[in-house]
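I opened this notebook to record what I looked up in one structure. The entries follow the order in which I worked.

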Amino acid sequence: FGFTHFGTIFGLLISISGFCNFGVQTLTTLASLYGFRPVNSLLGLLQLSTVVLPLLVLAKDRKKIKPKLLEKATEHERVRRKSSELDDGLLRSFSIRSFSMK
């Protein structure tokens, strides 16, 4: 991100962590009332979302990339075919008869 956005990103991260710290007292109260299993399950679900979101973005990005790759491959095949046709035409026009001595 460079130095131009460092302060903004750093401030955003510090603010988010500050808001998350407000939940510590609530989680401590829930853990003392119901035990640690429900609290750990809740935190596990929150952490799972941090893994799933990048995977969803990656899957969506791959769907966009695949048609572009197919389009490039068909374009390459079309150019290769056209080049092959031109080479065949040149070979026919410059046959060995055209270089024979008379």
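The entries below go from the whole chain to its helices, ring pairs and pocket.

**Entry 1: the chain as a whole**

I note at the outset that this is a predicted model. I looked up the secondary structure and found three helices and zero strands in the protein chain. Read along the sequence, the elements follow the pattern α-α-α. I then asked what share of the 102 residues is buried. Buried residues make up 2% of the protein chain. The exposed surface comes to about 10000 Å², and carbon and sulfur atoms supply 69% of that area.

**Entry 2: helix α1**

I checked the length of helix α1, which covers residues 6–21. At 1.5 Å a residue its 16 residues should span 22 Å, and the end C-alpha atoms lie 23 Å apart, which agrees. I also looked up how well α1 is covered: the count of buried residues among its 16 residues is zero, and the helix is hardly covered.

**Entry 3: aromatic pairs**

How many aromatic pairs does the structure hold? The count comes to two. F6 and F10 form a stacked pair, with 5.8 Å centre to centre and 15° between the planes. I recorded this pair as stacked because its angle of 15° falls under the cut-off of 30 degrees. Both F6 and F10 lie in helix α1, four residues apart, or about one turn of the helix. An α-helix has 3.6 residues a turn, so residues three or four places apart point the same way.

F6 counts as exposed because its relative accessibility is 53%, and the cut-off for exposed is over 50%. F10, at 48% relative accessibility, counts as partly exposed.

F19 and F22 form an aromatic pair that is tilted, with 6.1 Å centre to centre and 50° between the planes. F19 has a relative accessible area of 60% and is therefore exposed. F22 counts as exposed too, at 62% relative accessibility.

**Entry 4: helix α2 and the residue after it**

I repeated the length check for α2 (23–34). This helix has twelve residues and reaches 16 Å from its first C-alpha to its last, close to the 16 Å expected at 1.5 Å a residue. G35 follows α2, and I noted that the phi of G35 is positive, near 95°.

**Entry 5: P38 in helix α3**

Where does P38 lie? I found P38 in helix α3, which covers residues 36–93. P38 is partly exposed, with a relative accessible area of 43%. I also looked up its separation from L27: P38 and L27 are eleven residues apart in sequence and 9.7 Å apart in space, C-alpha to C-alpha.

**Entry 6: the largest pocket**

I looked up the largest pocket and recorded a volume of about 220 Å³. Which residues line the largest pocket? The lining consists of C20, G23, V24, T26, L27, L42, L43 and L46. Both α2 and α3 supply at least two residues each to this lining. By class, the lining has six nonpolar, two polar and no charged residues. L27, which I had used for the distance to P38, is one of the lining residues.

Methods:
Residues numbered from 1 in each chain as written. Predicted model: local features only at pLDDT ≥ 70, side-chain atom pairs only at ≥ 80, totals over all residues. Heavy atoms only, no water. Buried < 20%, exposed > 50% of the residue type's maximum accessible area, 1.4 Å probe, protein only. Expected span 1.5 Å × (residues − 1). Areas by Shrake-Rupley, 256 points an atom, 1.4 Å probe, with all protein chains shown as cover. Phe/Tyr/Trp six-rings, centres within 6.5 Å; stacked < 30°, edge-to-face > 60°. 1 Å grid on protein atoms, 1.4 Å probe; cavity = no way out; pocket = protein on both sides within 12 Å on 5 of 7 lines; lining within 4 Å. Points joined across faces, edges and corners; volume = space filled by probe spheres on them. Nonpolar A, V, L, I, M, F, W, Y, C, P; charged D, E, K, R; others polar.
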